Amino acid sequence: MLETKKRFDWQSLLQEGAYRQFPEAAEKPVIGISANYDDATCKIGAYYYKKVVEAGGTPLLIPPVADQQVIINTLQRVDGILLSGGGDFNPLYAGEEPSTLLHGINRERDLPELLLTRLAYNRQIPMLGICRGIQTLAMALGGRVAQDLSLAPRPQGMATMVKHSQDADREEPTHRVTLVRDSILHTLYGQEQIAVNSFHHQSVADAGKRFRVTATAADGIVEAIESVEYKSIVGVQWHPECMDSGLPLFEWLVGEARQFREAHRLHDQLLTLDTHCDTPMFFPKGVDIGRRDDRILVDLHKMTEGRLDATIMVAYLPQPKIGETFSEKVEFPVTGPTEYADLIFDKIEQMVAANKHYLSIARTPSDLYKDKRQGRKSIMLGIENGLALGGNLDTLKHFKQRGVVYITLCHNGDNDICDSARGCNTHQGVSRFGQQVIREMNRLGMLVDMSHAGEKSFYDALDISCRPIVCSHSSARALCDHPRNLTDEQMRALAAKGGVAQTTLYPGFLIKAGEATILDVIAHLEHAIDVMGIDHVGIGTDFDGDGGVRGMADASELIQFTRMLLARRYHPKDIQKIWGANFLRVMSEVQAV
């Protein structure tokens, strides 16, 4: 009788539990679980949410609702996604006609889960797909699903079929899968093969370019995939939620979700600045930074998804060769370089004005922090190639009044200001006019940017300038021998004068051959830290100027950079320095005039 009374005395349970401590509960990552739908009922198998709890997460059921605003608001409140098992997809979503071998489809789930997966992918939210879930990942992210196992491709000569729909209990493993050695699964289980259960008649036919296959059955059927873009995404064909051996996968998801939450919380506190972006180069194609556009790497949507607070968008001016006119080099009808730069700034201002509640033009570090507090993204204006001055020193005052914060003195080719790293040594460094330009920029409070400059021009600028100078998008020559990169000696000289060098994402400045990745960016950054110190480094992506690497392919993926820094045990204060505080310190000093 006493035991019965105690069991149902729920208020005493509160007094003995949550109410006895503060906070009332330890914080745990929230894992959204896509719900099944059957017999007009939204439901989920108990195995899923129990495994999430066992792994240290908080399960949250996501109903199959196709309303995009509902999905987006849901994604803002979860730290990870578990795509659960269930029925077949309607093949029309893949542009295919139904095979006679197709089983029952689930019309209530298909569209909601495709939208959920793609939008979660855009936001870098960790995901684990199980059974139907692995097929959801493939369907939503560029792969292909076989409507029946008999239609799935297998290695040549591999005819033996494993039974993929077992009669045994769900807890019972019935076949083995082979794991790829350097995969997440192999890291979790530490062995080449594991025994799994099996309840499916479809499979992934093609993982697509965003994934690689990391486990296969004895008959070649795809049993697992994982992201090749350094995203926390894994899909498995079996049902690990039903097996004791499945816990490591759920612990992986919860761990990744915890790190994702930590990165987002850090971004709430710090200001993130990309110091060089070339998106205006695409203005002739009619792009609008207020809309999501696959043709560009930086827009308001991607900045929001990647938690990028601010970017310096530059008016890039190509350097004419001998015999060419500037007007021939650009797509807008202008009479000269100054008019072209003004036209680019006009267009940026128009796009910002159309999104004034979410986007602002910033001129100073104080403007950036104000925008951050008020929930707006910021655009700063820059010029890439002092050709924009048109040889007229007075034009500097005009661009200062427009809000231009820096001018990259040259680009690929010598101009009337200085010699380029890709030039002909026309002036033996900075020209006489260039000396006047640097001194006037000092007087007006404009940053002198020496990315693209030749070595002699770089050292001349250091001597001429009475203020620190910057390299808005330059990597380390010690790691990639390219004249656009900075030598260790240049880095030391730059730091000694209080300047900063911003590691860039242009692949050709990161590695000499092969595909550059986020790991190469980290390597160049850490080399710069070793040489210059943590107070003189940062990031200038060169997005839309051919910058972007696997893992940091556009602005939406920049949160991944923070996650990697956290994983490497960087202190939050140092992450703030890297993410813009160093550059803004120099900007404040230069603008203090």
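The legends below describe close-up views of a predicted model.

**View 1. Helix H13 and its buried face.** Helix H13 spans residues 395–402, and Thr395, Leu396, Phe399 and Arg402 are its buried residues. Looking down the helix axis, these buried positions of H13 fall within an arc of 120°, so they line one face of the helix. The elements they pack against are helix H11 (337–354), strand S17 (377–384), strand S18 (404–408) and helix H14 (432–444).

**View 2. Salt bridge between Asp346 and Arg402.** The closest N and O atoms of Asp346 and Arg402 are 2.8 Å apart, and the two residues form a salt bridge. Asp346 belongs to helix H11 and Arg402 to helix H13, so the pair ties together parts 56 residues apart in sequence. Asp346 has a relative accessibility of 34% and therefore counts as partly exposed. Arg402, at 13% relative accessibility, counts as buried.

View 3. With neighbours within four places in sequence left aside, Ile578 is in contact with Leu525, Ile529, Ile534, Val537, Gly538, Ile539, Phe561, Leu565 and Tyr570.

**View 4. Salt bridge between Asp182 and Arg212.** The structure holds 32 salt bridges. In one of them the side chains of Asp182 and Arg212 meet, with an N to O distance of 2.9 Å. Asp182 sits in the loop between strand S8 (175–179) and helix H7 (184–189), while Arg212 is in strand S11 (residues 211–217); the pair links distant parts of the chain, 30 residues apart. Asp182 counts as exposed because its relative accessibility is 56%. The value for Arg212 is 25%, so this residue counts as partly exposed.

View 5. Glu455 and Arg477 form a salt bridge in which the closest N and O atoms are 3.0 Å apart. Glu455 is in helix H15 (residues 455–464), and Arg477 is in the loop between strand S20 (470–471) and helix H16 (488–496), so that distant parts of the chain, 22 residues apart, are linked. At 34% relative accessibility Glu455 counts as partly exposed, and at 18% Arg477 counts as buried.

View 6. A disulfide is a covalent bond between the sulfur atoms of two cysteines. With a cut-off of 2.5 Å between the sulfur atoms, the count of disulfides comes to zero. For Cys131 the closest cysteine sulfur is that of Cys242, at 10.0 Å, which is too far for a bond. Cys131 counts as buried, with 5% relative accessibility. For Cys471 the closest cysteine sulfur is in Cys410, 10 Å away, again too far for a bond. Cys471 has 0% relative accessibility and counts as buried.

Definitions and conventions. Residues are numbered from 1 along each chain as its sequence is written. This is a predicted model: local features need pLDDT of at least 70, side-chain atom pairs count only at pLDDT 80 or more; totals for chains, interfaces and linings use all residues. Side-chain values use heavy atoms; hydrogens and water are left out. Buried means under 20% relative accessible area, exposed over 50%, partly exposed in between (1.4 Å probe, protein chains only). Helices (H or I, at least four residues) and strands (E, at least two) are DSSP runs, numbered from the N terminus. The arc is that of the directions from the helix axis to the C-beta atoms. Contact means heavy atoms within 4.5 Å. A salt bridge is a side-chain nitrogen of Lys or Arg within 4 Å of a carboxyl oxygen of Asp or Glu.
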